[in-house]
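Good morning, and thank you for coming.

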Amino acid sequence: MYRFLASTRWIGWLLLVCLFATTFTFLGKWQMDRREGALTEISHVKRNYDAEPVPFAEARQLFEQLPAESKWTPVSLRGSYLAEDQVVVRNRISGSRPGYEVLVPFRTLEGTVVIVDRGFLPIGNDQAGRPDAVPAPPAGTVEVDVRLKGGEPKLDRGAPEGQLASIDLPTYEQQLGYPVATGSYGLMYLEDPAAAEAPIQLQRPEEDEGPHLSYMFQWFAFGVLVFVGFGYAARQQARINREDRDEVAAAALRGEEPVLHQAHRMRKKPKKLVRRDGSPTDEATEDAYLDELERRAAERDAGISGTK
């Protein structure tokens, strides 16, 4: 019954179905990986974000190389800001608002210079491409609590003087001209003494894994459905083949030529001329009327020809 599946046509359909199923499986796996990444990030936030700050002496290595599980680790710094080397980072978003982030080098009492992100500034109204004002950090010795975050990749675009296109710590170090810890930087959340005016604190990372789980199930379901559709089409073809065999057998008994495809057989079905009550159908009446018109036209043409 299903011998037709070995034909070139059906093998081609099967290969196409396998291609679609492979693509859908890949997309489902991609959503699975994205969900795992989101869950990992959420676990880092829950474990580290609200922990007690670690003294810089114990966390020095984290500024040189930050393991993924140490992201958002709070660290307590003591030293002074190098305010003259302060810059802003372009094209930042906080709470759906575009703006800038303020980076300031911070020299610890141990002598190491680390980068502190003091917060967010909205887009300015006075001059395009710059914030209206950048608050200065507190002078003198300051105690700063930060949460660690890894640097960002370098972007293939420039930035005006005093600005960075991304938080690319090696590039920032080159601009500064002195050694800086480039393994991570700190997002400031507490200063003592506090400045009279400071940037807006960056928001807590979202702890929502997103719709990746539902998307994953949808893609995997699509991968299964293409095989279900292929099986349904094969079953319909087997049914048509069976009906064709029955038609061949019945036509042989009637001594008629078989019409093999069901839809084609319906199109070739003779017109019904009489209703059940014996009266002619509308289609038969119309055909008779047209035949009468043709007969009269032929007689008229014949009469004209005879007169000549």
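Predicted model: local features only at pLDDT ≥ 70, side-chain atom pairs only at ≥ 80, totals over all residues.

**A walk through the model**

I begin with P135, which is found in the loop between β5 and β6. Residues are numbered from 1 along each chain as its sequence is written, and side-chain values use heavy atoms, with hydrogens and water left out. The names of helices (H or I, at least four residues) and strands (E, at least two) refer to DSSP runs, numbered from the N terminus.

Is P135 buried or exposed? P135 is buried, because its relative accessible area is 9%. Here buried means under 20% relative accessible area, exposed means over 50%, and partly exposed lies in between, with a 1.4 Å probe and protein chains only. Leaving aside neighbours within four places in sequence, P135 is in contact with Q86, R118, L121, E197, A198 and P199; contact means heavy atoms within 4.5 Å. By contrast, the C-alpha atoms of P135 and L14 are separated by 66 Å, and these two residues are 121 apart along the chain.

Let us turn to strand β5. Strand β5 covers residues 113-122. Since 9 of the 10 residues of β5 are buried, this strand is largely enclosed by the rest of the structure. Which strands does β5 pair with? Two strands pair if DSSP finds at least two bridges between them. Strand β4, residues 97-108, is joined to β5 by 9 bridges, and the two run antiparallel. Within this pairing, F106 has V114 in β5 as its bridge partner. The hairpin of β4 and β5 has 4 residues between the strands, and there G111 takes a positive phi near 100°.

Strand β5 also pairs with strand β8, residues 185-192, in the parallel sense over 2 bridges. V116 stands opposite G186 in β8. Strand β8 in turn is joined by 7 bridges to strand β6, residues 142-149, and these run antiparallel. In β8, Y185 stands opposite K149.

I now come to the charged side chains. How many salt bridges does a search of the whole structure find? The search finds 10, where a salt bridge is a side-chain nitrogen of Lys or Arg within 4 Å of a carboxyl oxygen of Asp or Glu. R118 forms one with E191, the closest N and O atoms being 2.9 Å apart. This pair links distant parts of the chain, with R118 in strand β5 and E191 in strand β8, 73 residues apart. Both R118 and E191 are buried.

Another salt bridge is formed by R92 and E152, whose closest N and O atoms are 2.6 Å apart. R92 lies in strand β3 (residues 87-94) and E152 in the loop between β6 and β7 (163-164), so the pair ties together parts that are 60 residues apart in sequence. R92 counts as buried because its relative accessibility is 12%, whereas E152, at 22%, is partly exposed.

The side chains of K29 and D33 also meet in a salt bridge, at 3.0 Å from N to O. Both residues lie in helix α1, 4 residues apart, which is about one turn of the helix. K29 is partly exposed at 40% relative accessibility, and D33 is partly exposed at 36%.

Helix α1 comprises residues 8-48, and L16 has its place there. With a relative accessible area of 33%, L16 is partly exposed.

Finally, consider helix α4. Why does its length agree with expectation? The 43 residues of α4, 212-254, should span 63 Å at 1.5 Å a residue, and the end C-alpha atoms are 63 Å apart, so the two values agree. The expected span is 1.5 Å times one less than the number of residues. Among the buried residues of α4 are H212, F230 and A251. G255 follows α4, and its phi is positive, near 75°.

One loop remains. S70 is found between α2 (56-64) and β2 (74-81). S70 counts as buried because its relative accessibility is 14%, and S70 touches N48 and L62, not counting residues up to four places away in sequence. Thank you for your attention.
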